[in-house]
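Trainee: I have a new model open. Please take me through it.

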Amino acid sequence: MKIEFFGSRAAIVMALLCGQAYAEVARDYISIVGSSTVYPFATVVAEQFGRGGKFKTPKIESTGTGGGIKLFCSGVGVQYPDIANASRRMKKSELAACQKAGVKEITEVKIGYDGIVLAHAKSAPQMELTRREIFLALAKKVPDPSCQECDKLVDNPYTTWSQINPALPNTKIEVLGPPPTSGTRDAFSELGMEGGCQAFSWIKAWKEKDKGQFKGICHTVREDGAYIEAGENDNLIVQKLTANPNAVGIFGFSFLDQNGDKISAIPIDGVAADYDTISAQEYPISRPIFFYVKKAHVGVIPGIEAYLSEFTSEKAMGQEGYLSDKGLIPLSDTERKEVAQNAKSLKNYSM
């Protein structure tokens, strides 16, 4: 007989009592999906965790935040992931989808901060950008260049950076970035694109009048080849930047930190992306990063509580922890203690 795990945690525990049937369907490793930004941090923790010898090393897939949360929220049972990594907070609509599918209880673990950088090869012409210039370079519709405060949008006409600002390089706008399923894309749209969009007072006014219209203007990326979706593989973006010095890439600060010999970050609004500016949240395109735990799987899939303990330990997430060596910007001492306690108690996530 084969039992599939659906429904409440109690139902799953009852299934465990069925002995032989459970042996046919059980999974003896933790399944993790989600953000490519969180992936390298989760991988390091998983390796440390696996070396302990008590539990198997978790299996981690880099699916992007949106795709990972969708898988995570699909249901309860061994065929569904236990943990979803996320480079942004779970949305209300995603939480509702989780609950509709029977994933009633979730624990959120905030692990630190990350900056979203725009970077280019070290051999590229050096440049600085404002969020306003980022919006003008990448939005599908932009204010009419002949009268930018005249309440008129046109298809993006800019093909070179110097057309936006003569002080910028006279090179083709070619930006390699994440797809719509990525949390990095979501955060970049909100913090970078929208931040620049609001530099135009008449567009900013739409935020109060019609949020849908406002978001459509500010978040919609052009589709004429200036923005190139490069998938969830940030290492591939780094390789492409070194091959094409005129291109610009968008990814998390941790990848910049690991590839500082090949690429350099472009300062945004006069602020460089580094450990100190992101930690102090002075860098304008920075955000917290998370993972989410399916509470119904705790005590069923071996090792989840131990994995949480390893991830939220001072030796991992602390100011001198091994994750900071990989580019994670740690939380404050007070916030780390609170996060560790919430993870230990499996505090229920709500909005």
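Mentor: We will go over pockets, then a helix pair. The model is predicted, so to speak of local features takes pLDDT of at least 70 and side-chain atom pairs 80 or more, while totals for chains, interfaces and linings use all residues. Numbering runs from 1 along each chain as its sequence is written, and side-chain values use heavy atoms, without hydrogens and water.

Trainee: How much space is in the largest pocket?

Mentor: About 640 Å³, as filled by probe spheres on grid points joined across faces, edges and corners. A pocket is an open set of points on a 1 Å grid where a 1.4 Å probe fits, with protein on both sides within 12 Å along at least five of seven lines; lining residues have an atom within 4 Å of a point.

Trainee: Which residues are closest to its centre?

Mentor: Of the 21 lining residues, Asp 186, Ala 187, Glu 190, Lys 215 and His 219. The largest share of the lining, seven residues, comes from α8, a DSSP run of H or I, at least four residues. α8 (183-197), α11 (211-219) and β11 (286-294), a strand (E, at least two), each supply at least two.

Trainee: And the second largest pocket, what volume?

Mentor: About 240 Å³. Its lining has 13 residues, with Arg 89, Glu 108, Asn 342, Lys 347 and Tyr 349 nearest the centre. β4 (106-121) and α17 (333-345) each supply at least two of the lining residues.

Trainee: Back to α8. Which residues of α11 does it meet?

Mentor: Phe 214, Ile 217, Cys 218 and His 219. On the α8 side are Ser 189, Glu 190, Met 193, Glu 194 and Cys 197, with contact meaning heavy atoms within 4.5 Å.
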